[in-house]
Amino acid sequence: MGETARILRNGAIATMQQGGDAYGLIDKGALVIEGDRIAWVGAEADLPDVYADLYAEDLQGRLVTPALIDCHTHIVHGGDRAREFEMRLNGASYEEIARAGGGIISTVRATREASEEQLLADALPRVDTLIGEGVTLLEIKSGYGLDMETELRMLRVARRIADERPVEVRTSFLGAHAVPAEYKDRADAYIDKVCIPALRQAHAEGLVDAVDGFCEGIAFDVAQMERVFIEAKSLGLPIKLHAEQLSNLGGTKLAADYGALSSDHIEYLDEDGVKAMAGAGTVAVLLPGAFYCLRETQVPPIALLREHEVPMALATDINPGSSPINSLLLTMNMGCTLFRMTPEEALAGTSRNAAKALGLNDRGILSADMRADLAIWDVKHPAELSYRIGFNPLHSRIFGGRS
């Protein structure tokens, strides 16, 4: 047994394994870490003798969960949209804000103007906040460049974050996020001349873990997204999709047909779309931050997702426009309060199901041979993580077996 092996004892361990008791909760539990893996987990009274001589840390009854995972973010971007937020509250319409240079175009402009170093410096405080809430893994999308140079710059910054901070990053190429001003009314030309070539180059540089898009009336239609997906599949890359946020165009069905890891937002998804997700094993990534900030009223089809056993993940959707929310704990509360998810579903949505939404099967639950990414909380029961608002009870975080 290696020198790094140790025991965490006297804790309430929420394994988040499916089946059995709620949360897979083990009272008076213990967990053995060897290197970057979990070697054993169970009731402390059942701890095997082989571990008897290991160093043991007394958790004093604290809660242990899988470390949190934020599986949908736009955390790398230039500038902010605080002035637009103020304009909206003072009565300005979307059209007036757009005429004043606002909306996604303002973020594209700011991101294009920002250097790699500036984008990194701006993103790191946001990343630090998530780490401070027990996050060890986050997904980061491009999509605010909408030209080859800036899309690649965003992805390079996302990769660098994992070198600068103790966190794992998965990247998604989101070149099909919006049509830039220089391609106004020429979405097909943008897909052919910018999006697909940029995807090929990003893949060649090893910058892409998945390919995403925005299938909506204000972005790209199903046929246009399918061309991007065909290219992704030819490169051996998994796909994801922003779909059914504002209307039902059939994007989720398309994504499921291509075996998508996830379909995200999905407020307007119907039962046929839910069935397609269930058949494909596609995760529903729910984003209550955007729902809240946009003051939407159409909630995702939670009952249908439960009925058809579609895994539900939760994520912040951190972005400067529709979801400037930098707290996964707040997102969990919003999932419960706004979408009527249960606290157990919220925790599964930021652990087990979030890992599944990123195509990862070695984290998100606490069991032998899983990666030792843990969060230790100053609470007694996991429901408290979704219950409190504006309160962070994290005691410590373990990333790859290291505190």
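Trainee: As I understand it, helices (H or I, at least four residues) and strands (E, at least two) are DSSP runs, numbered from the N terminus. Where is histidine 265 found, then?

Mentor: Histidine 265 is found in strand β11, which covers residues 262-265. Please note that this is a predicted model, in which local features need pLDDT of at least 70 and side-chain atom pairs count only at pLDDT 80 or more, while totals for chains, interfaces and linings use all residues. Residues are numbered from 1 along each chain as its sequence is written, and side-chain values use heavy atoms, with hydrogens and water left out.

Trainee: Is histidine 265 buried or exposed?

Mentor: Histidine 265 is buried, with a relative accessible area of 2%. Buried means under 20% relative accessible area, exposed means over 50%, and partly exposed lies in between (1.4 Å probe, protein chains only).

Trainee: And what is phi of histidine 265?

Mentor: Phi of histidine 265 is near 85 degrees, a positive value in a residue other than glycine. Most residues other than glycine have a negative phi. Glutamine 60 also has a positive phi, near 55 degrees, and is not a glycine. Glutamine 60 lies in the loop between β4 (55-58) and β5 (63-66).

Trainee: Changing topic: how many disulfides does a search of the whole structure find?

Mentor: The search finds zero disulfides, a disulfide being a pair of cysteine sulfur atoms within 2.5 Å. For cysteine 195, the nearest cysteine sulfur belongs to cysteine 215 and is 13 Å away. For cysteine 293, the nearest cysteine sulfur is that of cysteine 71, 17 Å away.

Trainee: Are those two buried or partly exposed?

Mentor: Cysteine 195 counts as buried, at 1% relative accessibility, whereas cysteine 293 is partly exposed at 25%.

Trainee: On to charges. How many salt bridges does the structure hold?

Mentor: The structure holds 28 salt bridges. A salt bridge is a side-chain nitrogen of Lys or Arg within 4 Å of a carboxyl oxygen of Asp or Glu. Side chains of opposite charge can pair when their charged atoms come close.

Trainee: Which residue forms a salt bridge with arginine 160?

Mentor: That partner is glutamate 116, and the closest N and O atoms are 3.1 Å apart. The pair links distant parts of the chain, 44 residues apart: arginine 160 is in helix α5 (residues 148-164) and glutamate 116 in helix α4 (residues 116-131). Arginine 160 is partly exposed at 21%, and glutamate 116 is partly exposed at 24%.

Trainee: What about aspartate 185?

Mentor: Aspartate 185 forms a salt bridge with lysine 184, with 3.8 Å between the closest N and O atoms. Both aspartate 185 and lysine 184 are exposed.

Trainee: And which parts does the pair of arginine 227 and aspartate 192 tie together?

Mentor: Their side chains meet in a salt bridge of 2.5 Å, N to O. Arginine 227 lies in helix α7 (residues 222-234) and aspartate 192 in helix α6 (residues 187-204), so the pair ties together parts that are 35 residues apart in sequence. Arginine 227 is partly exposed at 26% relative accessibility, and aspartate 192 is partly exposed at 46%. Elsewhere, salt bridges that share partners join Asp36, Arg37, Glu168, Asp362 and Arg363 into one network.

Trainee: Which residues gather in a patch of negative charge on the surface?

Mentor: Asp270, Glu271, Asp272 and Glu307 do. A patch is made of residues with over 30% relative accessible area and no salt bridge, like charges being joined within 9 Å and nonpolar side chains (Val, Leu, Ile, Met, Phe, Trp, Tyr) within 5 Å. Asp and Glu count as negative and Lys and Arg as positive, with His and the chain ends not counted. The place of a charge is NZ of Lys, CZ of Arg, CG of Asp or CD of Glu. Accessible areas come from the Shrake-Rupley method with a 1.4 Å probe, and for residues only the protein chains shown count as cover.

Trainee: Where do aspartate 270 and aspartate 272 lie?

Mentor: Aspartate 270 is in the loop between β11 and α9 and is partly exposed, at 35%. Aspartate 272 lies in helix α9 (residues 271-280) and is exposed, at 59%.

Trainee: Lastly, how is valine 41 placed?

Mentor: Valine 41 is found in strand β3 (residues 37-43) and counts as buried at 18% relative accessibility. The C-alpha atoms of valine 41 and lysine 184, 143 residues apart along the chain, are separated by 56 Å.
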